[in-house]
Amino acid sequence: MGLCALPELNDMLNASPGWIDQRLALVGTADVPLYVIVNDEAATLIEGGLSGMTELVWQQLHDLLRDFGGIRHLRYWLITHSHYDHCSLLMTLKSRMPWLHVSGSPDAFDAFQSPSACRTIRQLDAQASRLWDPAAGVDFTELSDLPFYPVNPGTQLDIGDGMQIRTIALPGHSRCQFGYYCPQLDIGFVSDALGEFHGATSWLPLVFQDLFAYRHTLDVIEQLQAPRLALGHHGILTGELARSAVRHARACLDAHEANARAVRGNATATHELAHHWTARYAARSERVVPHFLHLKSMMHMIDLFHRAE
């Protein structure tokens with residue numbers, strides 16, 4: 001799959017694979033994007049996708065880096081968190097690029113050393129990847145066997161040609177979630193920290209670890225005041241969409257929390273609410289999140305809302 005031409009820079013949502021500007025590109029798909037920062041010294045890949053995307057992303061990276069000397073221009077790979085749809089390409093692509101320096105949070109490193117966590121990642125990735133027509137015979141390397149260099153939050157990473165990336169702890173969705181901020185591009189890579197984008201004022205909260213941490217993370221992203229926010233799914237928000245993202249994500253969080261609290265102590269109503277949220281929101285992520293897992297996640301989020309009261 002070739003890369004498309006430069007889109008208009010004033011687009012409020014960049015979701016198509018290809019160049020976003022001269023130093024930033026999107027690979028993968030809108031459903032499961034990965035981002036590439038490119039300069040004259042090196043390229044950096046952010047996010048980790050599904051294994052079913054292996055050949056697609058491999059070809060996109062070759063196309064993208066052809067004018068920079070080829071795939072070896074890619075030097076760094078930054079993982080946001082250890083959920084299966086954000087790290088599974090490590091199992092298929094890292095072995096093809098042994099020179100690549102892979103980093104993420106210390107908690108992500110711990111997850112990759114856990115046999116039970118790795119089994120869950122592998123199982124959920126296999127289910128989701130069926131929808132991506134994965135190529136037969138792709139070699140897998142266990143996450144625990146891959147070289148991974150954990151970095152602390154607040155670390156400034158040199159990614160070549162005078163460009164830096166700052167690591168930012170963004171828990172709440174996942175204990176191990178990191179975001180990344182590049183001052184030269186004035187963009188924040190926030191993964192799933194805001195929730196799932198459904199429209200300018202519509203967000204599905206993704207509180208899967210801790211509600212209070214999730215709210216603090218929204219404050220952290222707001223303080224960045226970045227004019228561009230790269231999401232874990234559905235692309236890059238720019239302009240007014242980026243400026244208002246935290247405000248609308250927080251309002252939707254408040255509304256979902258109120259709905260959850262209204263059914264506390266009523267098991268039937270709780271199940272009905274979870275089914276309602278899945279019926280309303282699941283279609284947007286159906287190529288990534290199996291229906292049973294979406295419903296289970298909604299039940300878990302409602303439980304976390306109840307525990308936070």
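Reader: With the side chain of which residue does the side chain of His86 make a polar contact?

Author: This is a predicted model, in which local features need pLDDT of at least 70 and side-chain atom pairs count only at pLDDT 80 or more, while totals for chains, interfaces and linings use all residues. Residues are numbered from 1 along each chain as its sequence is written, and side-chain values use heavy atoms, with hydrogens and water left out. A polar contact is a pair of N or O atoms within 3.5 Å, where within protein one must be able to donate a hydrogen and the other to accept it, and residues adjacent in sequence count only if both atoms are side-chain atoms. At 2.9 Å, the partner of the His86 side chain is the side chain of Asp192.

Reader: Is His86 buried or exposed?

Author: His86 is placed in the loop between strand E6 (74-78) and helix H2 (90-93); helices (H or I, at least four residues) and strands (E, at least two) are DSSP runs, numbered from the N terminus. Buried means under 20% relative accessible area, exposed over 50%, and partly exposed in between, using a 1.4 Å probe and protein chains only. Because its relative accessible area is 1%, His86 is buried.

Reader: At which residue does helix H6 bend?

Author: Helix H6, residues 239-262, reaches 35 Å from its first C-alpha to its last, close to the 34 Å expected for its 24 residues at 1.5 Å a residue, the expected span being 1.5 Å times one less than the number of residues. A bend is the angle between axes fitted to the seven residues ending at a residue and the seven starting there. In H6 this angle is about 50 degrees, and the residue is Ala245.

Reader: Which residue in strand E12 stands opposite Cys182?

Author: Two strands pair if DSSP finds at least two bridges between them. Strand E11 (residues 178-182) and strand E12 (residues 187-191) run antiparallel and are joined by 3 bridges. Opposite Cys182, the residue in E12 is Ile187.
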